[in-house]
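Visitor: I am new to this structure and would be grateful for a guided introduction. May we look at it together?

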Amino acid sequence: MHHLALIEKTQSLIAAGDIVGAEHALVELADREGDGALMAVLEQLPPKDVLAVIREYDSSRETILNAMLSPELFARAVVIEKQYRDLTRAHLRGMMNSVIFRQGGTPVDFLTAIGDLEGGAEALADYFEEKWSRIEAFARTGTFDTVEDDGDMLSEDDLRANAYARPKLDEDEVADADWMQLAWLLRYECVDLFIEMLLVLRAKARAFELGLDEEEAPEDDARVETGDTDRGKATPAALDPDEESAI
């Protein structure tokens with residue numbers, strides 16, 4: 001394989017914790033042989049190694065790696081980000097914003113690819129975790145204003161009945177390349193995924209209120225096992241469950 005040595009070098013650097021060195025090796029390849037060569041190598045790297053590099057994205061500078069990721073490759077990395085157990089979700093949000101809203105990109109393609117993988121809705125719920133009440137307000141009223149929040153939540157049936165309501169906000173009004181725009185795109189461009197994500201987000205919030213781990217949430221809450229949904233079954237995550245993690 002033409003790039004086998006570089007792939008092995010990159011994996012060794014990542015395993016050793018030298019993420020900067022791994023990124024530098026990949027960028028050098030692109031400079032030397034072009035974007036096509038870089039894309040070929042990225043497609044051959046395990047998702048965990050791609051994730052190890054792109055989750056360290058620094059918003060103060062551009063990187064060719066984020067510009068080259070396909071929606072499918074990015075999605076495979078996103079769904080395993082939780083292995084890092086980053087309670088702040090800062091890396092997840094930074095990584096998703098930088099790639100999904102990259103210049104000339106098509107955000108819906110990335111959201112669709114994430115939603116098509118088992119664990120995709122959970123990853124999106126993690127992304128919105130700190131904004132739960134405002135996402136609930138958006139689902140109920142079409143705005144992010146929680147001033148009139150009465151604590152009521154729409155049922156799943158009501159969410160679906162309300163899904164195709166005319167937007168109260170134009171995308172331009174929330175085009176922040178951040179969580180508001182992502183929520184808008186989900187609700188109006190990826191309706192089923194938005195609802196699935198919100199149900200998972202509710203389960204996370206319920207578990208937090210009860211002081212439980214997410215896996216311990218009561219059976220009668222709003223928890224949804226996305227592995228049993230049509231989305232979860234449509235395209236299982238392209239990961240080897242026995243693959244060792246470099247994390």
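**Burial, salt bridges and helix packing**

Guide: In this predicted model, E130 has a relative accessible area of 57%. Exposed residues are those over 50%, so E130 is exposed.

Visitor: With which residue does E130 form a salt bridge?

Guide: The closest N and O atoms of the pair are 4.0 Å apart. The partner of E130 is R93.

Visitor: How many salt bridges does the structure hold?

Guide: The pair of R93 and E130 is one example of a salt bridge. For the structure, the count of salt bridges is 13.

Visitor: How far apart in sequence are the parts that R202 and E136 tie together?

Guide: The side chains of these two residues meet in a salt bridge of 2.6 Å, N to O, and both R202 and E136 are buried. R202 belongs to helix α13 (residues 191-209) and E136 to helix α10, so the parts tied together are separated in sequence by 66 residues.

Visitor: Is E81 buried or exposed?

Guide: E81 is found in the loop between α6 (71-78) and α7 (90-100). Leaving aside neighbours within four places in sequence, E81 is in contact with L51, R55, H91, L92 and M95. The relative accessible area of E81 is 4%, and because buried means under 20%, E81 is buried.

Visitor: Which way does α1 run relative to α2, roughly parallel or roughly antiparallel?

Guide: Helix α1 (residues 4-15) packs against helix α2 (residues 19-33) with axes 7 Å apart and an angle of about 160°. Angles over 145 degrees count as roughly antiparallel, so α1 is, relative to α2, roughly antiparallel.

Visitor: How many nonpolar residues does the contact of α1 with α2 have?

Guide: From α1, the residues L6, K9, T10, L13 and I14 take part, meeting I19, G21, A22, A25, L26 and L29 of α2. By class, two residues of this contact are polar and one is charged, while the nonpolar residues number eight.

Key. Residues numbered from 1 in each chain as written. Predicted model: local features only at pLDDT ≥ 70, side-chain atom pairs only at ≥ 80, totals over all residues. Heavy atoms only, no water. Axes fitted to C-alpha atoms, helices over the stretch in contact; angles between N-to-C directions. Helix = DSSP H or I, 4+ residues; strand = E, 2+ residues; numbered from the N terminus. Parallel < 35°, antiparallel > 145°, perpendicular 65-115°, else oblique. Contact = heavy atoms within 4.5 Å. Nonpolar A, V, L, I, M, F, W, Y, C, P; charged D, E, K, R; others polar. Buried < 20%, exposed > 50% of the residue type's maximum accessible area, 1.4 Å probe, protein only.
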